[in-house]
Amino acid sequence: MTPLSTPQRAGRRTVKRRTRALVTGLAAVALSWPGLAQAAPPAAPATALAPATAPAPASVERAAADITWTLVRASNPTADQQDAYNRITAAMNAAVARYNNLSDLGKAITVRYEPGVPTADGNINGTIRFGSNRSYMAERTALHEISHTIGVGTSGGWSSLGGSGSWRGAQATALVKQYDGANATLSTGGGHFWPYGLNYDNEFSNTAADRHVRIVAAMVRDGL
């Protein structure tokens with residue numbers, strides 16, 4: 001092979017430099033062109049043993065009281081019994097929910113449908129009986145009878161604090177004055193109290209029902 005002369009070798013070096021510069025320039029243009037970019041480095045793989053962050057548990061709102069109830073049912077109810085069961089269930093559910101929402105009272109209550117009972121009655125032993133009169137199968141009656149199971153008209157505390165014709169306990173008395181003014185009193189008689197005793201249908205309203213529950217709870221704090 002014939003050795004290259006010095007001018008030839010210099011020319012080849014110049015071509016190589018120009019070629020290298022051209023390639024570098026094209027690469028720079030390609031990387032700067034819209035839509036073209038270098039691939040991002042892959043994300044680090046998740047650690048299999050790292051526990052996922054659990055969401056904060058939702059707050060649980062609990063009823064203030066623990067009044068529960070059960071209805072004694074016939075194994076093969078008649079149409080009359082089933083209708084009564086349905087009405088009594090609605091009345092008791094509403095009344096127990098109101099007591100549980102507004103007080104810290106507790107009682108386990110057993111409810112019976114007994115057609116021979118003239119209206120309805122409640123006993124401190126935890127029993128409530130509804131008679132066949134459908135007008136008494138209502139929340140107003142259920143609230144009233146629950147108060148008897150708690151001690152209104154049925155406990156020793158009732159006799160000592162309410163036997164004189166007016167309630168003498170400080171907390172329930174203060175509450176009725178808050179509702180009805182400084183001269184208001186909580187009257188008692190025949191195992192019942194008024195106002196807010198829900199002794200008759202015309203006494204019922206949502207406000208009166210709420211006040212009934214709060215007064216019964218205050219009576220318990222007084223020593224009912």
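Predicted model: local features only at pLDDT ≥ 70, side-chain atom pairs only at ≥ 80, totals over all residues.

Colleague: How many aromatic pairs turn up in the whole structure?

Modeller: The search finds three. One of them is W158 with W167, a tilted pair with 5.8 Å between the centres and 40° between the planes.

Colleague: Are W158 and W167 buried or exposed?

Modeller: Both W158 and W167 are buried.

Colleague: What about Y179 and Y196, how are their rings arranged?

Modeller: Their planes are at 75° with the centres 5.7 Å apart, so that pair is edge-to-face. Y179 sits in helix α5 (residues 170-180), while Y196 is in the loop between β6 (192-194) and α6 (206-222), so the pair ties together parts 17 residues apart in sequence. Y179 and Y196 are both buried as well.

Colleague: Switching to α6. How far does α6 reach from its first C-alpha to its last?

Modeller: It reaches 24 Å over 17 residues, close to the 24 Å expected at 1.5 Å a residue.

Colleague: And which residues of α6 are buried?

Modeller: Among them are H212, V213, I215, V216, M219 and D222, along with several alanines including A208 and A209.

Colleague: What do those buried residues of α6 pack against?

Modeller: They pack against α2 (79-102), α3 (139-150), α4 (156-162), α5 and β6. Just after α6, G223 has a positive phi of about 120°.

Colleague: Now the strands. How many bridges join β1 to β2?

Modeller: Six, between β1 (residues 66-71) and β2 (residues 106-113), and the two run parallel. I67 stands opposite K107 of β2.

Colleague: Which hand does the β-α-β unit of β1, α2 and β2 have?

Modeller: That unit is left-handed.

Colleague: What else does β2 pair with?

Modeller: β2 is joined by four bridges to β4 (residues 127-130), again in parallel. Y113 has F130 in β4 as its bridge partner.

Colleague: Last topic, T188. Where does T188 lie?

Modeller: T188 is in strand β5 (residues 187-189). Its relative accessibility is 6%, so T188 counts as buried.

Colleague: What does the side chain of T188 reach?

Modeller: It reaches the backbone nitrogen of S166 at 3.2 Å.

Colleague: Which residues is T188 in contact with, leaving aside neighbours within four places in sequence?

Modeller: T188 is in contact with W158, G162, G165, S166, W167, F193 and W194.

Note on methods. Residues numbered from 1 in each chain as written. Heavy atoms only, no water. Phe/Tyr/Trp six-rings, centres within 6.5 Å; stacked < 30°, edge-to-face > 60°. Buried < 20%, exposed > 50% of the residue type's maximum accessible area, 1.4 Å probe, protein only. Expected span 1.5 Å × (residues − 1). Contact = heavy atoms within 4.5 Å. Pairing = 2+ DSSP bridges. Right-handed = clockwise from strand over helix to strand, strands pointing away. Polar contact = N/O pair within 3.5 Å; in protein donor to acceptor, adjacent residues only side chain to side chain.
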